[in-house]
Structures are given as C-alpha cells and as structure tokens.
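Q: I am new to this structure and would like to learn how to read it. Could you take me through its features in turn?

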Amino acid sequence: MAGGMDTGQGGKGKKSLDVAINLTAFIDLMAVTISFLIMTAVWTQIGRLQVSQAGGPSTEEQQEEEKTKTVQLSLLITPTELRLTADQSAFDPIPLTKDAKGKTDLTKLVARFKELKAQLPDQSAITLQPEDKVRYEDLVRIIDECIGAGLPQVSVSAAMG
C-alpha cells in the first residue's frame, strides 16, 4: 500500500489515498480555452480600423510635411452634404443623395478627389469632421473612398461649428 490516512481508530481504519484523477476533462477544457484565446487575438487584429487621432503633428510628421509641401485638407460631413476645404479655400458643397439601394452616392466625392489629386499629387492626409447625426456606415464608406483615392492618412475629429 502506497499510503494512508489515520481515521483515529488506532490503525485499523486507514483509508487509501491512491486515487485515479481523470485528466480527460481537464485537457478538453484547456484545449477549448487555448483555441478561444487564439481566435480572439486574431479577430481583434482583423477588425481594427486604421485612423489617427486629430491633433498637432509629431516632429517626424512636421519634417515630412515640410519636404512635400502639402495642404491642410478637411472634409466636413453632414447628413445632407459634404464640404471639402483645402487650407483656406473651400470647394462647392457636394449634396448627399441616395442610390436605388438606399446607400449614399459618393461618385461626386470620388470625382472631386481625383481633381484634387491631379492638382496636389503629394497630398496623402485628410481630416474628416462628421457631425453627430452622420450614420456610421456612411463614415466608413467615406474613409474607404479616401484611402482608395490616394489619401491613406485619414484622421477623424469632431465637427467644428
């Protein structure tokens, strides 16, 4: 006998401590937990939207901006129109209309971006200023159009005014 425990009956009533532990349930639990943690880590990386916070540029960004001489480009997004401004000059407002499927039509915005990139080929940054009532779906589609038009550095800040 490998071991025992005294039950207080003078050596006659020893209980055996040899117990077979079932590890199958524990291994199953660990396998599920580890796979869940791995999948969660991957999903958080896939679902991340790359935007930067509006604010003062860092010193590296200031040096790059001096080299390329870009303008401050911003797009005010309201539920009814888009207003694009480059430094102090403002373009005509673009009215927002819905297509047959009920989605916001952004073809005029894309055409405006093409005109802008023809004038400013080094421009790569834009600041979006959505109002509170702008739908999230529309904001994401506008971010996608900005990136597709050659403006990958998209910042989102609160609408002023």
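**Reading the model**

A: The terms are set by cut-offs: buried means under 20% relative accessible area, exposed over 50%, and partly exposed in between, using a 1.4 Å probe and protein chains only. The model is predicted, so local features need pLDDT of at least 70 and side-chain atom pairs count only at pLDDT 80 or more, while totals for chains, interfaces and linings use all residues. Residues are numbered from 1 along each chain as its sequence is written, and side-chain values use heavy atoms, with hydrogens and water left out.

Q: Which residue meets R135 in a salt bridge?

A: Side chains of opposite charge can pair when their charged atoms come close. A salt bridge here is a side-chain nitrogen of Lys or Arg within 4 Å of a carboxyl oxygen of Asp or Glu. R135 meets E137 in this way, at 2.5 Å from N to O. E137 is partly exposed, because its relative accessibility is 36%.

Q: How many salt bridges does the rule give?

A: The count comes to 2. Besides the pair R135 and E137, E81 forms a salt bridge with R83, with the closest N and O atoms 2.5 Å apart. E81 counts as buried because its relative accessibility is 18%, whereas R83, at 39%, counts as partly exposed.

Q: How many helices and strands does the chain have?

A: Helices (H or I, at least four residues) and strands (E, at least two) are DSSP runs, numbered from the N terminus. By that rule the chain has 4 helices and 11 strands. Of its 161 residues, 20% are buried.

Q: In which sense do β4 and β5 pair?

A: Two strands pair if DSSP finds at least two bridges between them. Strand β4 and strand β5 (residues 81–86) pair in the antiparallel sense over 5 bridges. L75 has L84 in β5 as its bridge partner. A hairpin through 3 residues joins β4 to β5.

Q: Is A90 buried or exposed?

A: A90, found in strand β6 (residues 89–90), counts as exposed because its relative accessibility is 62%. Contact means heavy atoms within 4.5 Å. Not counting residues up to four places away in sequence, A90 touches L84 and T85. A90 and L73 are 17 residues apart along the chain, and their C-alpha atoms are separated by 9.9 Å.

Q: Why is β10 largely enclosed by the rest of the structure?

A: Strand β10 (residues 125–130) is largely enclosed because 5 of its 6 residues are buried. β10 pairs in the parallel sense with strand β4 (residues 73–77), over 4 bridges, and Q129 in β10 is the bridge partner of L76. With strand β11 (residues 153–156), β10 also pairs in the parallel sense over 4 bridges; here A125 stands opposite Q153 in β11.

Q: What does R112 touch, and what is its nearest side chain of opposite charge?

A: Lys and Arg count as positive and Asp and Glu as negative; His and the chain ends are not counted. R112, in helix α3 (residues 107–119), is buried yet has no salt bridge, and its nearest side chain of opposite charge, E115, is 4.2 Å away. The side chain of R112 reaches the backbone oxygen of D92 at 2.9 Å. Not counting residues up to four places away in sequence, R112 touches L84, F91, D92 and I94.

Notes:
A polar contact is a pair of N or O atoms within 3.5 Å; within protein, one must be able to donate a hydrogen and the other to accept it, and residues adjacent in sequence count only if both atoms are side-chain atoms.
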